[in-house]
Amino acid sequence: MNGDVSFIGKDIVSINDLSRKDIEYIMDVAETMVPYAKGEKSGRILKGKILGNLFFEPSTRTRLSFESAAHRLGLDVLDVSEMSMTSMAKGETLSDTIRMVDTYCDAIVLRHPHDGAARLAANVAKSPVINAGDGAGSHPTQTLLDLFTIKRSMGSIDGLNIVLLGDLKYGRTVHSLSNALTRFGAKLTFVAPESLQMPQDIIDSLTANNCKPYITDKLDDVIESADVLYVTRIQRERFPDPAEYQKVAGCYRIDNEALRNAKKEMIVMHPLPRVNEIAPEVDDTEHAKYFEQAFNGIPVRMALLSSIMGGEL
Amino acid sequence: MVDEIKVARIRNGTVIDHISPGQGLNVLKILGVNENTISSTVIVGMHVSSNKMASKLKDIVKIEDRELDQSTVDKIALISPDATIVIIRDYYVAKKFKVEIGDHVTGLARCSNPNCITNKGEPICPEFDVISRNPPVLRCSYCERILSNISDNLL
């Protein structure tokens with residue numbers, strides 16, 4: 001493991017704050033956490049400490065996996081899952097809420113609807129803050145678990161052909177993920193209808209990091225060379241015309257026929273929830289990694305919590 | 001054209017020279033010059049020929065009886081990174097310097113992202129990391145978005 005990396009007390013706000021070395025360290029710790037995350041071993045290394053789990057926006061996977069990770073590590077959890085149940089409903093600022101919660105716990109996990117809320121919380125709190133998604137902004141723990149899933153499945157991330165498909169314009173997971181992948185020399189392909197393609201500022205930042213993504217709207221042209229197919233949900237509400245949505249959504253539905261030319265070892269990932277962009281028949285193939293990806297949220301979040309709160313197995 | 005500007009010398013005040021062409025009116029906005037606030041002479045030249053500018057054109061503003069504070073100079077730098085500030089006292093140049101942009105900008109502009117936490121009534125000052133000085137490109141330190149249209153978002 002990278003012995004010279006220290007995460008104690010560190011805020012995890014944006015994937016851009018983490019170097020390749022930092023990311024590799026977290027993935028190494030996460031690997032050791034897997035049997036504990038599955039409940040095969042017990043390691044309550046953070047017993048006696050308290051985590052503030054503040055979710056001011058609906059979330060299933062992220063909230064539950066943070067809670068599960070915390071319990072596996074022996075943490076007590078202060079859980080807030082609705083803004084209407086807090087003083088913020090009375091008009092309290094987020095800054096004041098964070099200052100107050102900071103005195104009640106040893107680390108804070110925050111999901112919030114406003115972009116940059118986690119940076120504010122990190123600036124205000126003395127305890128470390130982990131961003132669990134702020135608005136359309138960052139979701140660094142999702143990116144870390146995505147990278148961990150690729151590494152576990154493929155052995156390494158370096159030089160892989162990674163195809164990102166679907167809503168690349170609004171999906172925050174694909175923005176952070178593509179930025180992080182450039183640090184591993186991955187080759188990126190963006191498959192989306194023109195109206196949902198990757199924003200130019202993201203493409204510019206990738207190009208500045210020596211990654212020139214290939215952009216297309218046809219999955220068929222690139223599926224053969226893909227090592228990873230990362231599918232995202234195309235959201236109906238982005239289309240004013242329902243007929244236009246049906247047309248686009250139908251084009252990007254992944255079923256066994258769409259995967260007929262894929263490499264045998266190619267993996268399909270999805271940050272979930274899926275609606276109908278991946279057919280259930282794919283679930284039974286070797287390609288499907290999205291449920292494993294959802295599980296990987298637990299060892300990765302255990303790794304983060306133990307690293308920033310000072311616990312070691 | 002140059003002669004016309006020389007005619008309008010000011011006795012005391014500030015000349016803001018080498019303003020990027022087209023930004024002269026935005027400099028007036030930064031200075032807070034409008035019909036209610038003009039108490040002394042203000043001279044504006046737009047698209048004046050200049051060999052020092054890459055575009056061979058510049059804007060220039062002269063404002064009498066006023067010297068600029070640091071915050072005003074910093075805002076001018078954000079819309080016109082080649083600008084020069086000349087302080088005039090009794091017709092002579094008392095001080096001349098180029099505007100500068102640091103690595104980090106605090107409290108000079110608001111984030112153009114309406115969903116950014118800095119636009120949500122929190123007791124915080126907008127902050128930006130400077131990605132490029134010329135042309136100026138600023139990234140919000142909170143939401144990490146690039147600030148679009150700097151002149152429209154100056155505080």
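**View 1. Chain A is assigned domain 1 (15-138 + 294-309) and domain 2 (140-293).** These bounds come from an automatic or database domain assignment. The model is predicted: local features need pLDDT of at least 70, side-chain atom pairs count only at pLDDT 80 or more, and totals for chains, interfaces and linings use all residues. Residues are numbered from 1 along each chain as its sequence is written, while chains are lettered from A and ligands numbered from 1 in the order in which they are written. The C-alpha centres of domain 1 and domain 2 of chain A lie 26 Å apart.

**View 2. Domain 1 of chain A meets domain 2 of chain A through 21 residues from each.** Two residues are in contact if their C-beta atoms, placed from the backbone, lie within 7 Å. On the domain 1 side, helix 1 (20-37), strand 4 (129-134) and helix 9 (290-309) of chain A each supply at least two residues. Helix 9 of chain A gives the largest share, seven residues. Helices (H or I, at least four residues) and strands (E, at least two) are DSSP runs, numbered from the N terminus. This side of domain 1 holds 12 nonpolar, six polar and three charged residues. Ala, Val, Leu, Ile, Met, Phe, Trp, Tyr, Cys and Pro count as nonpolar; Asp, Glu, Lys and Arg as charged; the others, Gly among them, as polar.

**View 3. Confidence in chain A is lowest in helix 8 (residues 242-251), at a mean pLDDT of 77.** pLDDT is the predictor's confidence in each residue, from 0 to 100. Strand 9 (residues 267-269) of chain A is highest, at 98. The chain A mean is 91, and 97% of its residues reach 70 or more.
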